[in-house]
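Biologist: Please take a close look at one part of this model and describe how it is built and what surrounds it.

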Amino acid sequence: MGVSGPLKPARASQARSLLDQIPHWSPSWRTSANIAVTVLSLLLCATVMPMRFPGIDLLGVGPNWVLIWVVSWSMFHGVWPSLVAGLAAGAIMDGLTAPEPTHMVPLALVAVLTAQLRRRRLIEDEFGMLMLLVFALVAIAETVFAVQFILQGQRDPADVWALHQWLTLCSAILTSLWAPVVYVPLRLWWQRIAQGERSP
Amino acid sequence: MYALRRWFVKYWVRTLAISLALGGAWGLRQAQSGPLAEVYGWLAAPLSTTPDQRMVLENARILELQQRIDDLESRNRQMQGLVEHQATLPTKGTVAPVIGRSADRWWEQVVLGRGSRAGIQKGDIVTAPGGLVGRIVQVTPSTSRVLLVSDATSRVGATVSRSRFMGYLHGTNGAQVKMEFFDKMPDAKVGDTVTTSAYSRLFPPGIPIGTIDFIDTKKGPAPEATVALSAPLSMLEWVVVIPHNGDAVLELPELPELSDED
């Protein structure tokens, strides 16, 4: 404590000190809490996907919360855990929409790309960078999806590309703008967990 | 053997975590995310709209019209009975609120706030003021998912009401759907009404779908019409689910029904 500076509201400092205690939790408790937060946050992101909050959707398109979750996870984990997370998130999305074509390919690609870029220190843990990254990744994911649709052959390629263009634009804008809403709490959590693992 | 054992001791936690994560997610995929849909229905319940006074009055008016239709239909059925005509369109249905849209905009789906507890089954028909909306593709105890007619994978057998020329409708993920005719020279004009056809197995015949907006006569092998849907799919709030076991109908050959009539 002993912060010399402008006084913070009591509530904020309480929350802050609670978060600062996380690295000092016992390892087993920390691990189980981490698993619970990870799984529940992913399931929450998947559950709100069908919801169109008033004022958030753009031409009937909402933010891709699951993609933001996958990017957030991959920012703090290695390539292999990211691949697993991407596949798992893709399987859940398949269940929410339709099994073919699968979401597992684009989301796994997004996860691995993020983890690789982070490993090579090409991206920093910073908001502007994150939003740009999410914008690009949504475009990549939707393009992979469109290609899957064309390969599947059930839809007219002209229709697919027409849908792809405006869908990608709307989804990329919304998803990158709303990325911090999912990213910031998860970052706070996983940073503390990583701190605890470094200094037991 | 020893190497395997050492590998297991070193990596068992990781292997278990990976198999749990992938297994759990795969389970959700196979269950079509049913548990998530249940949680979603529970979360969205307080958000569904309550009808205001104007709507109550409108509903009363609709109820009055509905009763008149019921009366007409029952008389119609009696007369059809006299001429041994087969009545097909069921009249009673379940009213369900729309609580969500498709989780991914590549599909045109909506989530309804009523499920198998309200008697909704897979294959049931969904209509709204205006006409046909879609078909139930997945049901959980208190939610169900509808594949809208505007989805690119949706196929509906359709008829031009005026001339009885037939074709099928497929969606384009927009407010309009395309109708492809079976005939090379169909008698169809802009403004004609399109309804589900008697040859459609997934839908009962005679449900209004929309009106023809544009006909592309140069399109081969048969002309293609653009149909504007009469139900406002982008602003659906309540729909009516009509029981229709489309999948069972698919399995049944049509001959036994004919022999039943004899």
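This is a predicted model: local features need pLDDT of at least 70, side-chain atom pairs count only at pLDDT 80 or more; totals for chains, interfaces and linings use all residues.

Modeller: Two strands pair if DSSP finds at least two bridges between them. Helices (H or I, at least four residues) and strands (E, at least two) are DSSP runs, numbered from the N terminus. Residues are numbered from 1 along each chain as its sequence is written, with chains lettered from A and ligands numbered from 1 in the order in which they are written.

I begin with the strands of chain B. Strand β12(B), residues 238-242, pairs with strand β1(B), residues 94-101, in the antiparallel sense over four bridges. Strand β3(B), residues 125-128, is also antiparallel to β12(B), and three bridges join these two strands. Val240(B) in β12(B) is the bridge partner of Val95(B), and Val240(B) is likewise the bridge partner of Thr127(B).

Elsewhere in chain B, six strands close into a barrel with antiparallel pairing, in the order β6-β7-β8-β11-β10-β9. Tyr168(B) has Glu180(B) as its bridge partner in β8(B). In total, chain B contains five helices and twelve strands.

Arg164(B) sits in the loop between β6 (155-160) and β7 of chain B. Most residues other than glycine have a negative phi. Arg164(B), although not a glycine, has a positive phi of about 65°. With a relative accessible area of 53%, Arg164(B) is exposed (exposed means over 50%, buried under 20%, partly exposed in between, with a 1.4 Å probe and protein chains only).

Asp192(B), by contrast, is buried, because its relative accessible area is 7%. Asp192(B) belongs to the loop between β8 and β9 (193-196) of chain B. Its side chain makes a polar contact of 2.7 Å with that of Arg162(B) (a pair of N or O atoms within 3.5 Å; within protein, one must be able to donate a hydrogen and the other to accept it, and residues adjacent in sequence count only if both atoms are side-chain atoms). Leaving aside residues up to four places away in sequence, Asp192(B) touches Val160(B), Arg162(B), Asp187(B), Gly210(B), Thr211(B) and Ile212(B), where contact means heavy atoms within 4.5 Å.

Another arginine of chain B, Arg135(B), is located in strand β4(B), residues 131-139. Arg135(B) counts as buried because its relative accessibility is 17%. Beyond residues up to four places away in sequence, the residues it touches include Gly123(B), Arg145(B), Leu147(B) and Phe203(B). For the whole of chain B, 38% of the 262 residues count as buried. Of the contacts in chain B with a separation of 6 or more, 57% come from residues 24 or more positions apart.

Helix α5(A) has 16 residues and reaches 22 Å from its first C-alpha to its last, close to the 22 Å expected at 1.5 Å a residue (the expected span is 1.5 Å times one less than the number of residues). Among its buried residues are Met104(A), Leu107(A), Val110(A), Ala111(A) and Thr114(A). The buried residues of α5(A) pack against α3, α4 (79-96) and α6 of chain A, together with α1 (2-30) of chain B. After α5(A) comes Arg121(A), with a positive phi near 55°.

Helix α6(A), residues 127-152, has 26 residues that should span 38 Å; its end C-alpha atoms lie 37 Å apart, which agrees. Its buried residues include Leu130(A), Leu133(A), Leu137(A), Phe145(A), Ala146(A) and Phe149(A). The cover over the buried residues of α6(A) includes α3 (65-76), α5 (104-119) and α7 (157-198) of chain A. Gly153(A) follows α6(A), with a positive phi near 80°.

Leu163(A) is part of helix α7(A) and counts as buried, at 5% relative accessibility. Its C-alpha atom is separated by 8.9 Å from that of Ala146(A), 17 residues apart along the chain. Not counting residues up to four places away in sequence, Leu163(A) touches Arg155(A) and, in chain B, Arg105(B), Trp106(B) and Asn173(B).

Definitions and conventions: Side-chain values use heavy atoms; hydrogens and water are left out.
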